[in-house]
Amino acid sequence: MTATRWLRHNLFRGPVDSVVTVLVALATGYVLWSAVQFVFVTGRWEIIEVNLKLLMVGRYPDVHLPRVGISLVIASTVGGLLAGVVHRRQLDAGTATRTSARDLVDRFWPVAIGIAMLLALSSSVGPWLVAAGSIGGAVAGRFLGAALPRAFHLPIVVGALITPFALVFYLADGQGWNEWGGIMVNVFIAIGATILSFPLGVFAALGRRSKLPVIRGISTGYIELFRGAPLFVLLLMAGVALQLFVPAELAPGRVIRAIVVFTLFTGAYMAEIVRGGLQSVPRSQEEAARSLALSPVRITFLIVLPQALRNVIPAQVGQFISLFKDTTLAGAALGLFEVLEVGTAITQQGTFAGQELLPETFAFIAFLFWIGAYTMSRESQRVERKLGVGHR
Amino acid sequence: MKARPGAHRGARARPPFWRDVRVLRWAYQLAVLAAVVAFIAWLVANVRSNSEEIGIPTGYGYLDNPAQFPIPDSSFRQTQPVRDAIVVGLVNTLRVTIIGIIAATILGTLVGIGRLSGNWLVRNLARAYVETLRNIPLLLIIVFAYLGLALTAFPRIEDAWQPLDLAVISNRGVVVPALDGSAWALVLGIAIACGAGWLVARWRRSIADRSGRNAHILLWTLATGVAIVLVTWFAADYALDIPELEGRIVTGGIRLSPEYFAILFALVIYTASHIAEIVRGSIQAVHRGQAEAAASLGLSSAQRLRLVILPQAFRIAVPPLGNQYLNLAKNSTLGAVVSYYELALVTSISVGNGAPAVPSYLLTLTIFIVLSLILSALVNLANRRLALVER
């Protein structure tokens, strides 16, 4: 299609359309121009440069900062290995698609801009080393994972499951997790609550479909109560009252309180997602398994659940994204030093107080969340297309 | 396999009770129930003993104690009991929820339709709106709308913005025009206008059905409605109360506090981004054949949208829309962060003033769960009315 035809078809189809186009173009142009001015000219980004460490890792002790860097490198390497294993499996199954350079740019440009931004704002060598190590580790892991023989696949997957726990203990060795801050604690709470809420959600979903009335009642009660309750009120309550529910010697710290609430809350939503997946598995699967004389427990865990969980991967990613965004509530409700709380604090206290630098700070934080949420939702759409959910 | 003698008879006889499925089922359920009850009893006992140790009461007697804090923008005084403070908080929650649901639905529908526009610029602008707002934390938008917009970007009262001389926008809040006169008369007038409009529409439709000619249904209906509203307007002697700025004092109009503006604005633009996706998905979920069939019947593109596609899309959109409305109601508790006195903030402050924490928060949670149940009952009702009657 030639340029003029494209313009006529997409922008100037009639008099009304043309007027709309011109007006919208003027408004968009003005907003874009102001945004570019803000980012490159008028924005005073010193506040981010000075407080970068606080925003990323809170008050993590300087001597132990290499632990954070090493953890990031390990995490990206393991992620690369997993991606490689998945690719290898798809190659063997004949479902792999070729990834072009353009695809990679299309998938990861927000992450690339994010890394570039953080490096531009940082004032030491550490972040450069970490970035180089993480990218190198991810790429090397991706190719190594695809090249290793099948015998390595199971150890790699098991290792990947153990890694988060190992890294948490490694990091907690530098500073106890109840003192963690910055976006590190947002990520920690989101991942921790997701991992813990997963079994809870699966069992609640199975319970809600059970034929036994008592089990069904308990599961339904749990799911509906936590889905009807506002997360913020639950967090406020946990902040002042969670220690009353357990013996005095078990009184939990702030991060644990947050994880308990997020786990219970997410578990209820996870249960509804898994229930949707269970309903999407055809009845004939269960009937076929029964005709093979499998026991009910085996039917559930070997036949029905794997198919159900596969179908709801995208919905689970969506739940993880909203959990990740909701971790900001922990700052306001529990006084946790997470990234939004840090951002509000640095604009109102210290050297930058009263200089109205909230737009700069919040734009930075919003962009961090946007990169994570946007990339994850795009990747999950890709997985959805690959699995062909809804197309079979 | 060779049948053992007596196998037939054995199948009929009852198995021993520890292998009887019916017995096992009940034993299993009783065991789980006992475990859950024991766990809850353990929690309750912990709360009791821990509260006694620190000396906090566990009952609901605190509801009659004086609240000891005032609530801005209301007639609530600090000598009134906690019970009344909770009612004021609930009213404030509902104020955000109801107005927010209406505004978010309108904005979200516009953006959702914009995402399917034939105009490349409009389509991508709508997409940018959705992809930006959906992927950043709601709390960040709320805090920014309060600290960044309502308190700092808005001018001081001396040089307030007065767009079209209709509203007064300053960092002391937004004052919008109000209706002067009996609100009930207007509500009644609108109700009568809707009823009459419906009757007229039916009458014109029957004419159109009989004669086969265009009976200008929309025109007739609108004319009837507008006429009745105008008559009520003048009969009840209405006037628009437009706010005016004199020096540093605003007279007339309705004042929205910066806190109310911030929470409402943030909730609306955030929820609208989710509603837009629902609207878009629902329109795209209507089978292509429907639009093609309508086109082959000679309907114009506007008629296709209004008569064929939107009614079917709306049916698909109702359940997820209901979910978004529930989310908006629950997210209104974030108003507490910008000191908007809704339920969560009222509860939190009264707990800080000495009300026992566990009963207070359980009460607030119960109110929200009841609110959720009412909202989802309404959505289910709408869903049942709209659902396709299957053959």
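Reader: Where is A:Glu356 found?
Author: A:Glu356 sits in the loop between H16 and H17 of chain A. Helices here are DSSP runs of H or I with at least four residues, strands are E runs of at least two, and both are numbered from the N terminus. This is a predicted model, where local features need pLDDT of at least 70 and side-chain atom pairs count only at pLDDT 80 or more, while totals for chains, interfaces and linings use all residues. Residues are numbered from 1 along each chain as its sequence is written, chains are lettered from A and ligands numbered from 1 in the order in which they are written, and side-chain values use heavy atoms, with hydrogens and water left out.

Reader: OK, and what is the phi of A:Glu356?
Author: Near 55°, a positive value in a residue other than glycine. Most residues other than glycine have a negative phi.

Reader: Is A:Glu356 buried or exposed?
Author: A:Glu356 counts as exposed, at 55% relative accessibility. Buried means under 20% relative accessible area, exposed means over 50%, and partly exposed is in between, with a 1.4 Å probe and protein chains only.

Reader: Which residue in chain B has a positive phi although it is not a glycine?
Author: B:Ser339 is one, with a phi of about 45°. B:Ser339 is in the loop between helix H10 (301-331) and helix H11 (343-352) of chain B, and is partly exposed at 35% relative accessible area.

Reader: Switching to salt bridges. How many over all chains?
Author: The count comes to 19. The rule wants a side-chain nitrogen of Lys or Arg within 4 Å of a carboxyl oxygen of Asp or Glu.

Reader: What does A:Arg208 pair with?
Author: A:Glu224 is one partner, at 3.2 Å from N to O. A:Glu224 lies in helix H9 (residues 213-228) of chain A and A:Arg208 in helix H8 (residues 182-208), so that pair ties together parts that are 16 residues apart in sequence. A:Arg208 also forms a salt bridge with A:Glu272, where the closest N and O atoms are 2.9 Å apart. A:Glu272 is in helix H11 (residues 254-280) of chain A, so this pair links parts 64 residues apart in sequence. Salt bridges that share partners join A:Arg208, A:Glu224, A:Glu272 and A:Arg275 into one network.

Reader: What else does A:Arg208 touch?
Author: Leaving out residues up to four places away in sequence, its contacts (heavy atoms within 4.5 Å) include A:Arg216, A:Ser219, A:Thr220 and A:Ile223.

Reader: And what about A:Arg67 and A:Asp173?
Author: Their side chains meet in a salt bridge, 3.7 Å from N to O. A:Arg67 is in helix H4 (residues 65-93) and A:Asp173 in helix H7, both of chain A, so the pair ties together parts 106 residues apart in sequence. A:Arg67 is buried, with a relative accessible area of 17%, whereas A:Asp173 is exposed at 57%.

Reader: Which residues are buried in helix H3 of chain A?
Author: In H3 (residues 46-57), the buried ones are A:Ile47, A:Ile48, A:Asn51, A:Leu52, A:Leu55 and A:Val57. What covers them includes H4, helix H5 (101-121), H8, helix H16 (339-348) and helix H17 (358-387) of chain A. After H3(A) comes A:Gly58, with a positive phi near 65°.

Reader: Now the strands. What pairs with E2 of chain B?
Author: Strand E1 (residues 168-170) and strand E2 (residues 173-176) of chain B pair in the antiparallel sense over 3 bridges; two strands pair if DSSP finds at least two bridges between them. A hairpin joins E1(B) to E2(B) through 2 residues, and B:Ser170 stands opposite B:Gly173. E2(B) also pairs with strand E7 (residues 254-256) of chain B, antiparallel over 3 bridges, where B:Val176 has B:Ile254 as its bridge partner.

Reader: Last one: how many residues from chain A and chain B are in the contact?
Author: Chain A gives 52 residues and chain B 54. Across the interface of chain A and chain B the rule finds 0 salt bridges.
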